[in-house]
Amino acid sequence: MPSSRDIFSSLPASAPDAMDWTWAQWAPYYAELAARRVNAANAPEWLRDWSRLDELLDEAGSRLHVAYTLDTRDAAAEKRHHVFQENIVPPARSASQRLKEKLLAGGWPIDGMATPLRNMRAEAALFREANLPLLTEERKLADEYDKIIGAQTVTWEGRETTIMQLQPVFLDADRARREQAWRLAAGRQLADRDAINALWQKQLAVRLKLAANAGCPDYREFRWRQMLRFDYTPADCESFHGAILATAARAATALYEKRRQRLGVATLRPWDLAVDPRNRPPLKPFAGAADLERGVARIFQRVDPELGRYFETMRAEKLLDLDNRIGKAPGGYCTTFAAAGRPFIFMNAVGLHDDVQTLLHEAGHSFHVFESNALPYEPQKSPPMEFAEVASMAMELLAAPYLAADEGGFYSPADAARARVEHLEKSLMFWPYMAVVDAFQHWAYAHPADAAEPDACDAKWAALWGHFMPDIDYSGFDDVAATGWQRKLHIHCYPFYYVEYGLAQLGAAQVWRRALDDHAQAVAGYRRALSLGGAAPLPDLYAAAGAKFAFDAVTLRDAVDLMMETIERHDG
Ligand SMILES: [Zn+2]
């Protein structure tokens with residue numbers, strides 16, 4: 001008698017064959033997995049079948065999303081994407097949820113699944129039926145925030161412009177022009193102050209209810225569990241803030257002072273932060289996307305031959321779409337074609353150094369996909385955010401020595417040095433800003449009654465800002481300085497999700513420090529850590545990469561000193 005799993009022999013070989021499947025075509029496979037008699041002996045086979053199914057479905061969805069973002073004017077692509085999101089994703093999620101419950105109830109010992117099972121158990125323990133409508137409500141409020149921000153336009157030099165589109169003006173050597181643009185943007189943002197205050201109060205109320213329903217004493221604990229933060233506590237984050245204040249914030253003060261002197265201004269105003277302090281024109285590394293691809297391919301060959309081969313595979317298989325074109329969605333991302341085990345990088349390159357930096361970063365994410373592809377089960381493959389960003393940020397640092405043309409990259413030695421300095425300065429200055437964003441949220445959810453008062457939020461943000469970022473002169477613009485929390489997307493749409501970047505940057509700096517002593521060994525550790533995907537706890541992933549998952553001032557000072565020394569050496 002054929003076993004019921006024989007239907008798996010009829011699964012399509014690749015996701016493109018299933019992109020237009022209806023749910024009725026997917027459902028029998030999920031039903032078979034739900035019905036199959038599973039025991040310790042056949043549990044690995046069952047989990048492999050489920051993984052294959054989930055990966056095909058996931059890749060079908062990713063490919064439809066990619067096709068839509070490549071040309072948002074293509075109505076047919078948009079329709080296919082929406083049909084999949086509306087008709088396939090919700091039932092697939094429920095079907096997967098049932099299989100997860102079966103896996104947890106079975107308790108079968110499956111090699112390499114301890115960490116993914118721990119995550120699933122935590123999600124199951126936090127699940128409350130009563131929270132489903134609240135989570136939908138939370139999503140809607142986040143969409144409302146997006147809508148408010150998206151509608152913020154100003155008239156600049158006779159043309160209606162979004163605040164984002166004003167960014168190039170802040171690179172202009174003409175200080176008066178920068179100030180004018182900044183005042184215009186700040187005034188427009190302040191006009192939405194009441195709307196965002198009201199939205200924040202609603203968000204806060206929903207989040208407190210989510211926590212109460214789940215039996216958590218506060219939303220911070222709920223969010224900690226929801227984000228699967230097993231390996232650090234709020235107290236660790238507070239230690240990290242203190243370490244940042246003692247190290248990175250001091251270094252940032254020195255960098256701001258250097259900028260002030262070079263610009264020859266009495267104080268640094270908020271419109272003085274992006275312009276080149278020596279009034280040099282922007283770097284022009286490449287002429288088109290093909291040029292960018294070639295240059296970055298040469299850099300990866302220098303970093304590591306195997307990583308270089310991964311990138312060549314992406315070029316050969318057309319897994320890169322880098323140039324900015326009319327109709328393309330904004331931004332950049334790296335996504336996964338899970339069944340094929342391949343990454344895809346989407347970008348809007350226009351010829352700036354930022355584009356080089358973005359591609360190095362996204363390629364680090366893509367190497368994670370290649371390296372973790374050998375793991376047998378789908379739930380093992382997604383790394384925690386605190387480590388995913390180590391893969392990308394470390395790649396930016398490992399690649400930096402090869403930015404000069406005579407090392408494989410794009411630039412004259414002087415321009416390569418300038419690019420490195422700009423990158424390291426931005427990275428260093430990020431830590432104090434991150435600490436403000438994170439500390440604000442720790443305060444808000446530990447003091448929800450205060451945080452429901454917009455004036456208290458403004459006062460708290462202003463105090464934190466003065467503490468961590470004292471070097472920018474906001475005089476005359478107290479309202480703008482105090483309402484920074486309103487302009488930070490993550491606070492409204494992804495609560496507490498931000499410290500990950502600060503932690504990962506510290507991990508990345510440690511990988512880089514190791515490479516200075518022994519490049520081959522550091523890259524081998526980096527690759528080994530990526531190959532673990534999400535199948536090991538966070539501290540083990542860091543350790544495999546030769547780094548410590550750390551919050552302390554000693555580890556941070558080491559990284560800050562290395563960054564400052566490198567800046568000084570290259571900033572002639
Ligand atoms: Zn990233």
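Helices are DSSP runs of H or I with at least four residues, numbered from the N terminus. In this predicted model, Val-369 is found in one such run, helix H13, which covers residues 353–372.

**Overall form**

The protein chain contains 23 helices and five strands. Its radius of gyration is 25 Å, which agrees with the value near 25 Å that a compact globule of 572 residues would have. Along the principal axes, the C-alpha atoms fill a box of roughly 85 × 60 × 50 Å. Of the 572 residues, 53% are buried. The accessible surface of the chain comes to about 24700 Å², and carbon and sulfur atoms account for 53% of that surface.

Contacts across the sequence are a marked part of the picture: where the partners are at least 6 residues apart, 75% of the contacts join residues at least 24 apart.

**Aromatic pairs**

A pair of aromatic rings is described by the distance of the centres and the angle of the planes. The structure holds 43 aromatic pairs. One of them joins Phe-286 and Phe-410, whose ring centres are 6.4 Å apart and whose planes meet at 55 degrees, so the pair is tilted. Phe-286 lies in the loop between helix H10 (248–263) and helix H11 (289–303), while Phe-410 lies in the loop between helix H14 (385–399) and helix H15 (413–446); the pair therefore ties together parts that are 124 residues apart in sequence. Both Phe-286 and Phe-410 are buried.

In a further pair, Trp-465 and Tyr-474 have ring centres 6.2 Å apart and planes at 85 degrees, so this pair is edge-to-face. Trp-465 and Tyr-474 are buried as well.

**Residues with positive phi**

Most residues other than glycine have a negative phi. Glu-157, which is not a glycine, has a positive phi of about 50 degrees. Its place is the loop between strand E1 (153–156) and strand E2 (159–162). Lys-318, also a residue other than glycine, has a positive phi near 55 degrees. Lys-318 belongs to the loop between helix H12 (305–316) and strand E3 (320–323). The cut-off for an exposed residue is over 50% relative accessible area; Glu-157 therefore counts as exposed at 57%, and Lys-318 counts as exposed at 66%.

Gln-441 has its place in helix H15, and Val-369 is in helix H13. A residue is buried under 20% relative accessible area, so Gln-441 is buried at 1% and Val-369 is buried at 12%.

Not counting residues up to four places away in sequence, Gln-441 touches His-490, Ile-491, Pro-495 and Phe-496. With neighbours within four places likewise left aside, Val-369 is in contact with Thr-336, Gly-341, Arg-342 and Pro-343. Val-369 and Asp-231 are 138 residues apart in sequence, and their C-alpha atoms are 24 Å apart in space.

| Residue | Relative accessible area and class |
|---|---|
| Glu-157 | 57%, exposed |
| Lys-318 | 66%, exposed |
| Gln-441 | 1%, buried |
| Val-369 | 12%, buried |

Definitions and conventions
Residues are numbered from 1 along each chain as its sequence is written. This is a predicted model: local features need pLDDT of at least 70, side-chain atom pairs count only at pLDDT 80 or more; totals for chains, interfaces and linings use all residues. Side-chain values use heavy atoms; hydrogens and water are left out. Helices (H or I, at least four residues) and strands (E, at least two) are DSSP runs, numbered from the N terminus. The radius of gyration is taken over C-alpha atoms; the globule rule is 2.2 Å times the number of residues to the power 0.38. Buried means under 20% relative accessible area, exposed over 50%, partly exposed in between (1.4 Å probe, protein chains only). Contact means heavy atoms within 4.5 Å. Accessible areas come from the Shrake-Rupley method with a 1.4 Å probe; for residues, only the protein chains shown count as cover. Rings of Phe, Tyr and Trp (its six-membered ring) pair if their centres lie within 6.5 Å; planes under 30 degrees apart count as stacked, over 60 as edge-to-face and the rest as tilted.
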